[in-house]
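Biologist: I would like a close look at one part of this predicted model. Please take the links between side chains and go through them in order.

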Amino acid sequence: MKKIFLAMLLVAAVTAVAQTTPAPAQQNPAPSTPQSPAPAPRNPAPAAAPQNTPPAPAAPQQKKEIKDPAEYNAYIGALGQQDPAAKISGFEAFITQYPNTVMKEEALEQLMNAYQQSGNQAKVIETAQKLLQANPNNLKALVLLAYGKRIAAKTPQDLAEAAQYGEKGLQLLPTAPKPEGVSDADYQKFKTQATAIFNGAVGMSAYQNKDYAKAEQFLRAAVESDPTDANNIYPLALAYLTPGPTEKPLDGLFFIARAANLIADPKAKADVIKFGKSKYVKYHGAEDGWPELLAMTATTTLPPAAFAIKQYIPPTPADQCADLLKTKKVEEMPFAEWQLCLSEGKPEDAEKVWSVLKGKPLQMVAHIISIESPSHLMLAGSSDDIDAKQADIDLTMTAKIPPRQMPKPDTDFQFEGTPVSSVPKPFVMTMNEGHLLVKAAPAKKAPVRRKPAAH
């Protein structure tokens, strides 16, 4: 199946993150100077923690003040704009005029939010990168960069960059301080959304790199944070269904059905259902239960504790031979079924077949692999061996075939021969007393021999 996920689009805009920069408060008047309003204090982000070590506790709040009245008024004027275009203009001008302002991080956050509201994704990314230069630990910027880089990704490197932002965000989230003015509920919602975005970015990059164990770990965490996003659920299903040491077919079948329920595009939805059904039938052996799985995953977000699908275990070749002998006489079997029993059957079943065939003249059709001499031909009697151009009958004629009746290699040959011995692997039945038939009696030409599917 084609990699459908490459054709699937992520949702158009990132889940809204908190956009709360409190309005500055008036500063107390200083002697001999006019009153200078100052912004209310804002928690600085914690310093970056070394890799593989717990993040440091959040630093205490530090007060930021704008002492220049003109600078303060420019900030408040931009902050008060309701129209995104006006807010963009105001904060671009503020940052240009006051590049070293103590409120640079807050101004860039407001500018980034305004670009997001206006739908200018390129400017969102650009501003978020500037924001990380001002504060490498700014969570809002990391969220938007992890998300933006992922949805715009055209190369594995783009996904790797998104994953880097995601990994850093996951490192900072546990001890990130709640901004002033944000309710506990809103901040928890933001952290949940950020967790899904960060994990999704890391997991998608891992999937692209065929690191399926890591992909499963991070994409599963993303899905548990947001169980409605098919853009994480679908690659998670693919990772679980990829053959190898990390394959988890039950989880994969659950999430491929879940993804099919959530994908809106009709063609993509149909493709995922078709793919999921094929994987289900391969695992279960039949279609029964697939419609019920689709119905269940429409409302069930994660596999229940008792979730199970009965796995189909194909019969072994020996079992197939035993089943044939229960339903057919040896004389009624095609050559391919004789071959199956004599090469793969249990000893007692192989003996049962051989006791019927040995020494009994058989009229049949086979395909000529090679002509060793006018009285010695190598033939293929089963369709598998015909396709492989591999002899499974060693025939010796009672007399040389006349030149005018000599068949050509790679053609069908009607004959009578008497089995005298057989070798199980590679299978060859030796026959002698061969006779050329002008017209075969009811021929035993074998259907394609089907081997058990690999699971």
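Modeller: Start with Lys64, which pairs with Glu106 in a salt bridge whose closest N and O atoms are 3.3 Å apart. This pair links distant parts of the chain: Lys64 sits in the segment before α1 (69-79), while Glu106 belongs to helix α3 (residues 104-118), and the two are 42 residues apart. The partners can also be described by their accessible area. Lys64 is partly exposed, because its relative accessible area is 21%. Glu106 has a relative accessible area of 1%, so Glu106 is buried.

Pairs of this kind rest on a general point. Side chains of opposite charge can pair when their charged atoms come close. In total, the structure holds 14 salt bridges.

Another of them is formed by Glu161 and Lys149, with 3.1 Å between the closest N and O atoms. Here too, distant parts of the chain are linked: Glu161 lies in helix α6 (residues 156-172) and Lys149 in helix α5 (residues 139-151), twelve residues apart. Glu161 has a relative accessible area of 23% and is therefore partly exposed. Lys149, at 18%, counts as buried, because the cut-off for buried is under 20% relative accessible area.

A further salt bridge joins Asp251 to Arg220, and its closest N and O atoms are 3.9 Å apart. Asp251 is in helix α10 (residues 249-262) and Arg220 in helix α8 (residues 212-225), so this pair links distant parts of the chain, 31 residues apart. Arg220 is buried, because its relative accessible area is 19%. Salt bridges can also share partners: in this way Lys123, Glu126 and Lys130 are joined into one network.

The other kind of link to look at is the disulfide. A disulfide is a covalent bond between the sulfur atoms of two cysteines. The count here comes to one disulfide. Cys321 and Cys341 are the cysteines it joins, with an S to S distance of 2.2 Å. The link of Cys321 and Cys341 is right-handed, with 115 degrees about the S-S bond. Cys321 is found in helix α13 (residues 317-327) and Cys341 in helix α14 (residues 335-344); the pair links distant parts of the chain, 20 residues apart. Both cysteines, Cys321 and Cys341, are buried.

Conventions. Residues numbered from 1 in each chain as written. Predicted model: local features only at pLDDT ≥ 70, side-chain atom pairs only at ≥ 80, totals over all residues. Heavy atoms only, no water. Salt bridge = Lys/Arg side-chain N within 4 Å of Asp/Glu carboxyl O. Helix = DSSP H or I, 4+ residues; strand = E, 2+ residues; numbered from the N terminus. Buried < 20%, exposed > 50% of the residue type's maximum accessible area, 1.4 Å probe, protein only. Disulfide = S-S within 2.5 Å.
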